[in-house]
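Dear colleague,

I am handing over the structure below. My notes on it follow.

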Amino acid sequence: MTAEQRPQTLCEAFQATAAIDPEAIALRTMGGLETMTWREYATAVRQVAAGLAALGVGRGDTVSLMMANRIEFYPLEVGAQHVGATSFSVYNTMPAEQLAYVFDNAGTKVVMCEAQYVDRIRASGFPIEHIICVDDTPDGTMSVDELIAIGSDDFDFDSAWRSIPPDDVATLVYTSGTTGAPKGVEMTHSNLLFELFALDAVLGYRPGDRTTSFLPSAHIADRIAGLYSQELFGAQITTVADPRAIASALTGVRPTVWAAVPRVWEKLKAAIEFAVANEPDEMTRQALEWGLGVAAKKAA
């Protein structure tokens with residue numbers, strides 16, 4: 001697409017992508033046990049946006065997410081985008097005192113999470129207005145179905161997302177906090193789209209590309225390689241809740257575009273080399289060693 005045709009916000013990108021092939025599978029779990037088409041995805045985004053608007057969430061408000069890699073994350077995150085909220089994930093390993101700092105620093109209004117994290121979120125002491133749970137409803141929380149139910153039929157969804165300017169902050173990415181308190185990096189719609197088009201110039205994304213989501217969604221690597229690239233280019237994402245299962249997931253997904261942090265690549269490489277070195281059949285082992293040698297030359 002030309003520069004003039006490029007979307008100006010992630011919301012505009014999502015709406016255009018979802019309309020390309022509405023019946024195609026956009027989201028799936030390992031083995032395809034659960035799936036969501038682009039039509040279902042777009043409908044859920046509209047419903048979530050209406051529900052959040054009914055809670056008073058709008059442009060400039062902050063919504064935090066805390067959950068494993070799962071299908072439900074996507075319409076919740078993208079729905080928050082469509083009301084102009086700044087939506088971001090916190091690391092599931094954060095203790096209560098660190099959650100308190102991040103929630104306060106970000107000005108979190110709503111948390112969308114798995115039920116297992118509710119007690120820790122409350123232990124943070126930060127006054128969250130609403131906690132929405134994706135898998136259960138502990139006392140004082142709201143289910144996703146209840147969120148959708150309160151959405152008004154009069155909510156002007158199209159006006160809401162079309163009114164979001166490119167320089168609005170789309171997400172926050174917090175540093176690890178190893179040199180002090182975590183620092184929130186503000187990423188605008190323009191920032192993220194520039195990065196995505198730069199990646200596309202190298203990788204050549206296509207609608208229907210296959211990838212996985214297995215890194216924490218609080219990490220920019222998972223957001224760029226999964227969520228945001230999907231909104232713009234239409235990749236099919238397989239969610240992998242347990243990152244230790246990524247090796248077996250790759251054989252089923254056969255991704256066309258895939259990214260990982262260096263440590264993951266190192267572990268995969270070590271596992272392959274260990275398996276080859278311990279192959280009991282001499283001929284098979286020699287063939288595998290030859291294959292690795294060819295691959296090394298190709299990579300070089």
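Strands E10 and E11 (residues 236-239) run parallel and are joined by four bridges; Gln 236 in E11 is the bridge partner of Arg 210. Strands (E, at least two residues) and helices (H or I, at least four) are DSSP runs numbered from the N terminus, and two strands pair if DSSP finds at least two bridges between them.

This is a predicted model, in which local features need pLDDT of at least 70, side-chain atom pairs count only at pLDDT 80 or more, and totals for chains, interfaces and linings use all residues. Residues are numbered from 1 along each chain as its sequence is written, and side-chain values use heavy atoms, with hydrogens and water left out.

The open sheet has four strands in the order E2-E1-E11-E10, with mixed pairing. Strands E2 (35-37) and E10 (210-213) are at the edges with a single partner strand each, so one side of each has no neighbour in the sheet.

Helix H9 (residues 220-233) packs on the sheet and touches E1 (25-29), E10 and E11, where contact means heavy atoms within 4.5 Å.

The largest nonpolar core has 50 residues; Leu 27, Tyr 41 and Val 57 are among those that touch the most other members. Such a core is a set of buried Ala, Val, Leu, Ile, Met, Phe, Trp, Tyr and Cys residues joined through side-chain atoms within 4.5 Å, buried being under 20% relative accessible area (1.4 Å probe, protein chains only). Helix H2 (residues 38-54) gives the most to this core, six residues.

Regards

Technical notes. Axes are lines fitted to C-alpha atoms, for helices over the stretch in contact, and angles run from 0 to 180 degrees between N-to-C directions.
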